[in-house]
Amino acid sequence: MKVLVAGGTGWAGSELSKAIVQHPSLELVGAISRSQAGKNLAELLGIEGSLPIYDNINSAIAGADFDIMVDYTSPAVAMSNIILALRSHKKVVIGTSGLSESDYAEIEKVAIDFETSVLAVGNFAITVVLLQKFAEIAARYISTYEIIDYAHQDKIDAPSGTARELAYKLSMIQKPISEQLKHGFLGEKDSRGTNLNGIQVHSVRLPGHVISIETIFGLEDEKLIIRHDAGKSAKPYVKGALIAIENISSFKGLRRGLDTVLNLEI
């Protein structure tokens, strides 16, 4: 399978690009990067060969023969990349954070109309996939919970894609009951976070944080906290991204979450 990485020169995209080169059944054919357009991706990655870097999705579609696009860009350009790739009958793996529910609704419609596949993953780390699964189990039994999303001060999207995906999945299990929100409270409403799919989500953006996500479940006289903490390396996301690429042809339409292509039934 031939793969194009949009954002292939970035923090996560460059690590994934190097891993694709080493993969026995994948072929990296190039990248999209506005800041590095026209350069040799192989040279930037420190590997042998010649891999073109395109300035946008239109030039990539015109110049590269690829089956799958992995998008590691920003919300401002991701939608254009995704929609145009789908309309060219390409399969898409989304690693970009910050897309909304309405964005996903549009993506799903285009994927179905053009009979292709999209796998949207808020976070490719295997530990995040497990956090989501464990939280789904807890949400079956505990109807009072909230999500806290931590990141460094430069992360512009809030809530993060990880938090959005988690909220979406938990809302499918059981939306939390909040007596405080039901009957009202004193103070500033914004202090209670944002309501996402019926779930209160709080986003912390401060120096010293990398990426963390936690779901806090509360019952009378007891609580359960399920938390993921990331380090500074992009390597934890590579394995999950490769799994996503390997399984993108196993379905049609839109799926959200790496767990949808894994056997994680508990």
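Modeller: Side chains of opposite charge can pair when their charged atoms come close. In this predicted model, Glu214 and Arg227 form a salt bridge, with their closest N and O atoms 2.9 Å apart. The term denotes a side-chain nitrogen of Lys or Arg within 4 Å of a carboxyl oxygen of Asp or Glu.

Biologist: Which parts does the pair of Glu214 and Arg227 tie together?

Modeller: Glu214 belongs to strand β10 (residues 211–219) and Arg227 to strand β11 (residues 222–229), so the pair links parts 13 residues apart in sequence. Helices (H or I, at least four residues) and strands (E, at least two) are DSSP runs, numbered from the N terminus.

Biologist: Is Glu214 buried or exposed?

Modeller: Glu214 is buried, at 6% relative accessibility, whereas Arg227 is partly exposed at 38%. Buried means under 20% relative accessible area, exposed over 50%, and partly exposed in between (1.4 Å probe, protein chains only).

Biologist: With which residue do the side chains of Arg227 meet in a salt bridge at 2.9 Å, N to O?

Modeller: That residue is Asp229, which is partly exposed at 47%. Through shared partners, salt bridges join Glu214, Arg227 and Asp229 into one network.

Biologist: How many salt bridges does the structure hold?

Modeller: There are eleven, including one between Lys2 and Asp65 (2.9 Å, N to O). Lys2 lies in strand β1 (residues 2–6) and Asp65 in the loop between α3 (57–63) and β4 (68–71), so this pair ties together parts 63 residues apart in sequence.

Biologist: What conventions apply?

Modeller: Residues are numbered from 1 along each chain as its sequence is written, and side-chain values use heavy atoms, with hydrogens and water left out. Local features need pLDDT of at least 70, side-chain atom pairs count only at pLDDT 80 or more, and totals for chains, interfaces and linings use all residues.
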